[in-house]
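Hello,

Here is the structure for you to look through. My notes follow below it.

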Amino acid sequence: MEENMSNIKHFYNTADFPPEEIFKLINLALDLKTGKKKKYLDGKILAMLFFNPSLRTRVSFAVAMQKLGGVALDLSVKEGSYTFEFEKGVRMDKDTIEHVKEAAGVLSRYCNGLAIRASELITTSKVSVEVAGWEQAKKDKVMKAFMEYASVPVINMESNLYHPCQGLGDAMTIKEKFGVTSGKKYVLTWVYHPKALPMATPNSEILTACDLGMDAVIVHPKGWELDERIIASMERRSKEAGGSLSVGSSMEECLENADIVCAKSWGALKYYGNWEEEKKLKVGLKNWIVDQKKMEMTNNAYFMHCLPVRRNVEVTDEVIDGKNSIVIDQAENRLWVQMAILTTLLGGSDQI
Ligand code: CP
């Protein structure tokens with residue numbers, strides 16, 4: 001099969017794959033959307049474990065499996081309902097019910113793939129949660145444990161570091177709108193949000209923007225830098241694709257001549273999980289909102305946001321409801337890229 005990623009077991013980070021594999025997935029997703037290609041996962045089963053809330057990812061994966069003729073099981077593992085142990089060699093005499101080693105092993109016998117969301121700052125809590133710092137978070141210990149112990153492919157539905165399905169869905173949307181993407185100016189702008197938010201989406205969005213060979217710009221206030229190691233990976237991907245990557249600190253300056261404006265809030269790495277400190281850094285940053293005046297500085301840019309979005313905090317109604325807003329297309333395309341990922345990883349066929 002042309003799209004087969006035969007030597008690839010898990011889908012953790014788009015940058016784990018050569019750019020040509022990323023393009024194959026995007027092209028397959030576009031072909032599935034237009035009906036040019038049909039793929040099936042007849043009778044195959046995906047177990048979805050959500051350690052955090054989700055609307056788009058949960059429904060789009062379930063719908064993807066249904067459309068492909070397979071089944072998605074939505075397992076409730078949120079805190080308090082079922083607790084796994086992730087440490088090795090631990091005496092399990094406290095509150096964890098079972099070790100991930102058995103859980104991943106058993107699920108691998110029942111299912112053809114596992115999909116995991118484990119991003120500790122995604123909560124339904126009205127207040128920001130306190131968690132261990134970035135050094136701990138970036139180990140992605142839940143996702144890595146499932147990847148280590150599962151004998152079937154594991155798909156990252158958002159970890160602390162990466163949200164590869166979002167990145168791929170964004171890239172598909174950009175390709176769908178522009179066709180040729182090299183030379184287009186893509187701006188990922190930090191925006192204000194009243195809560196502490198994860199780093200995964202901006203990381204994956206910029207990584208795939210770099211794969212498209214665009215002139216990618218990240219703009220944020222001082223103190224909101226992305227992880228240096230991931231920036232280095234973005235730079236490598238960008239160079240390889242013939243694009244560029246730069247970082248700025250003025251939204252107005254960076255939006256000039258932009259073809260795409262992607263808004264996203266993320267956390268301050270220095271204070272990751274320490275909301276009391278992070279919120280002090282947010283004082284005076286409420287003007288980091290995408291409004292019509294700022295959009296008028298662009299090259300008639302499309303507006304993107306991964307959703308969920310805080311209206312009139314991250315972006316004004318005028319912009320998100322405007323003709324250049326493609327946020328619903330962007331969310332729809334999560335479905336098509338996930339169908340491409342699922343059929344590629346779980347061995348989809350062209351016939352039922
Ligand atoms: N963009 C995204 O992943 O949305 P959900 O958190 O609703 O899944």
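Over residues 203-344 the chain is 44% helix and 13% strand. The end C-alpha atoms of that stretch are 23 Å apart. Helices (H or I, at least four residues) and strands (E, at least two) are DSSP runs, numbered from the N terminus. UniProt, in an unreviewed entry, places the feature "domain: Aspartate/ornithine carbamoyltransferase Asp/Orn-binding" at residues 203-344. Its positions are given in the numbering used here, feature names are shortened, and annotations may be inferred rather than shown by experiment.

This is a predicted model: local features need pLDDT of at least 70, side-chain atom pairs count only at pLDDT 80 or more, and totals for chains, interfaces and linings use all residues. Residues are numbered from 1 along each chain as its sequence is written, and side-chain values use heavy atoms, with hydrogens and water left out.

Now the sheet. Five strands form an open sheet in the order β9-β8-β7-β10-β11, with parallel pairing. Two strands pair if DSSP finds at least two bridges between them. The edge strands, β9 (244-248) and β11 (302-305), each pair on one side only. Strands β7 (residues 185-190) and β8 (residues 215-219) are joined by five bridges. Lys185 has Asp215 in β8 as its bridge partner.

Next, a side chain to find. Arg237 sits in helix α8 (residues 228-241). Is Arg237 buried or exposed? Arg237 is buried, because its relative accessible area is 7%. Buried means under 20%, exposed over 50%, partly exposed in between (1.4 Å probe, protein chains only). Arg237 touches residues including Phe17, Leu207 and Asp211; contact means heavy atoms within 4.5 Å. Residues up to four places away in sequence are not counted.

Best wishes
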